[in-house]
Amino acid sequence: MRRCPTCGAKHIDGPYCRRCRTDLQQVIGIEQAAVRAQKQASRALARGHRHKARAFAEKACGLHRSDTSIAMRALVALSDGEFDLAFRLWLEIENDRAT
């Protein structure tokens with residue numbers, strides 16, 4: 001998490017926002033679940049289980065739409081031959097970096 005969803009302060013570390021003291025534990029937990037889903041997608045893809053990889057990558061994006069989760073979804077799309085989707089996802093990452 002880069003910023004507190006309540007006040008927008010830069011989040012450095014810990015379960016609470018340094019500025020407004022919002023409890024961020026649930027948000028952090030969701031982000032951690034997204035990372036686990038990304039890892040599961042990567043393992044499934046490495047084993048050739050493309051359907052499982054797609055499900056995990058979509059779950060990761062649904063939990064936390066980060067550059068990493070989008071990139072994993074794009075990688076799975078490439079492996080499925082969904083080149084248009086992979087390109088749109090890549091553009092989403094590039095547009096996010098530009099802002």
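In the predicted model, helix H1 (residues 25–46) meets helix H2 (residues 50–63) through Ile30, Ala33, Ala34, Ala37, Gln38, Gln40, Ala41, Ala44 and Leu45, which touch Arg50, Lys52, Ala53, Phe56, Ala57, Lys59, Ala60 and Leu63 of H2. Contact means heavy atoms within 4.5 Å. The residues of this contact divide into 12 nonpolar, 2 polar and 3 charged; Ala, Val, Leu, Ile, Met, Phe, Trp, Tyr, Cys and Pro count as nonpolar, Asp, Glu, Lys and Arg as charged, and the others, Gly among them, as polar. The axes of H1 and H2 are 8 Å apart, and the two helices pack at an angle of about 160 degrees. Axes are lines fitted to C-alpha atoms, for helices over the stretch in contact, and angles run from 0 to 180 degrees between N-to-C directions. H1 and H2 are therefore roughly antiparallel to each other; angles under 35 degrees count as roughly parallel, over 145 as roughly antiparallel, 65 to 115 as roughly perpendicular and the rest as oblique. The crossing of H1 with H2 is left-handed, a term that applies if the near helix is turned anticlockwise from the far one by less than a right angle, with right-handed used if clockwise.

Residues are numbered from 1 along each chain as its sequence is written. The model is predicted, so that local features need pLDDT of at least 70 and side-chain atom pairs count only at pLDDT 80 or more, while totals for chains, interfaces and linings use all residues, and side-chain values use heavy atoms, with hydrogens and water left out.

The secondary structure of the chain comes to 4 helices and 0 strands, and the elements run α-α-α-α from the N terminus on. Helices (H or I, at least four residues) and strands (E, at least two) are DSSP runs, numbered from the N terminus. The C-alpha atoms fill a box of roughly 45 × 30 × 15 Å along the principal axes. The chain averages a pLDDT of 95, and 100% of the residues score at least 70; pLDDT is the predictor's confidence in each residue, from 0 to 100. Among the elements, H2 has the highest mean pLDDT (98) and helix H4 (residues 83–98) the lowest (94). Of the 99 residues in the chain, 31% are buried, where buried means under 20% relative accessible area, exposed over 50% and partly exposed in between (1.4 Å probe, protein chains only). Among contacts between residues at least 6 apart in sequence, 30% join residues at least 24 apart.

Helix H3 (residues 67–79) has an axis that comes within 10 Å of that of H1, and the two cross at roughly 20 degrees. That angle makes H1 roughly parallel to H3, and H1 passes H3 in a left-handed crossing. On the H1 side the contact is made by Gln38, Ala41, Ser42 and Leu45, and on the H3 side by Thr68, Ser69, Met72, Leu75, Val76 and Ser79. These residues divide into 5 nonpolar, 5 polar and no charged.

The axes of H2 and H3 come within 9 Å and cross at roughly 155 degrees, which makes H2 roughly antiparallel to H3. This crossing is also left-handed. In H2, Arg50, Ala53, Arg54, Ala57, Glu58, Ala60 and Cys61 meet Ser69, Ile70, Met72, Arg73, Val76 and Ser79 in H3. The residues of the contact of H2 with H3 divide into 7 nonpolar, 2 polar and 4 charged.

Two residues of H2 were examined individually. Arg50 lies in H2 and is partly exposed, with a relative accessible area of 39%. Not counting residues up to four places away in sequence, Arg50 touches Leu45, Val76, Ser79 and Asp80. Arg50 and Val76 are 26 residues apart along the chain, and their C-alpha atoms are separated by 7.1 Å. Ala60, in helix H2, counts as buried at 1% relative accessibility. Beyond residues up to four places away in sequence, Ala60 touches Ala34, Ala37, Gln38 and Ser69. Ala60 and Ala9 are 51 residues apart in sequence and 25 Å apart in space, C-alpha to C-alpha.

Most residues other than glycine have a negative phi. The phi of Arg21 is near 65 degrees, a positive value in a residue other than glycine. Arg21 is exposed, with a relative accessible area of 54%.
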